[in-house]
Amino acid sequence: QVQLVESGGGLAQAGGSLRLSCAASGIIFSINTMGWYRQAPEKQRELVAVFTKGGSTNYADSVKGRFTISRDNAKNTVYLQMNSLKTEDTAVYYCHAEGICDSSSGLLDFASWGQGTQVTVHS
């Protein structure tokens with residue numbers, strides 16, 4: 001199967017920046033979508049930014065102009081550059097990817113979540 005490992009979360013001051021990374025490992029045939037979601041306390045998980053199957057990007061309205069998603073296809077890694085952070089950006093950020101992996105049973109669809117990384121923005 002495919003594992004996603006996130007890094008880069010932490011504590012930041014409002015107006016500051018953080019950069020998250022997510023690396024996919026496993027025998028990956030192709031990645032169709034890959035991106036970031038977040039979940040704040042007592043709220044539902046929501047999309048932050050994602051690369052779609054066609055290669056375009058989707059952003060939540062709340063982060064447009066502040067966050068930038070990028071990727072390194074050779075490393076099966078996506079990044080989330082978060083600038084002008086606000087206290088309402090505080091959440092656990094999760095990486096998510098869907099695609100096709102190789103297994104002993106042949107090619108299989110996969111959909112994986114990372115373990116999550118905490119981002120805390122203080123005023």
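Select Cys 101: its relative accessibility is 2%, so Cys 101 counts as buried (buried means under 20% relative accessible area, exposed over 50%, partly exposed in between, with a 1.4 Å probe and protein chains only). This is a predicted model, where local features need pLDDT of at least 70 and side-chain atom pairs count only at pLDDT 80 or more, while totals for chains, interfaces and linings use all residues. Residues are numbered from 1 along each chain as its sequence is written, and side-chain values use heavy atoms, with hydrogens and water left out.

Next, select Cys 22 and Cys 95. They form a disulfide, with sulfur atoms 2.1 Å apart (a disulfide is a pair of cysteine sulfur atoms within 2.5 Å). The pair links distant parts of the chain, 73 residues apart: Cys 22 is in strand β3 (residues 18–25) and Cys 95 in strand β9 (residues 91–103). Strands are DSSP runs of E, at least two residues, numbered from the N terminus. Both cysteines of the pair, Cys 22 and Cys 95, are buried. Cys 101 is in no disulfide; its nearest cysteine sulfur, that of Cys 22, is 15 Å away.

Move to Arg 38 in strand β4 (residues 28–39). At 6% relative accessibility, Arg 38 is also classed as buried.

Finish at Gly 65, in the loop between β6 (57–59) and β7 (67–72). Its relative accessibility is 83%, so Gly 65 counts as exposed.

Key. Helix = DSSP H or I, 4+ residues; strand = E, 2+ residues; numbered from the N terminus.
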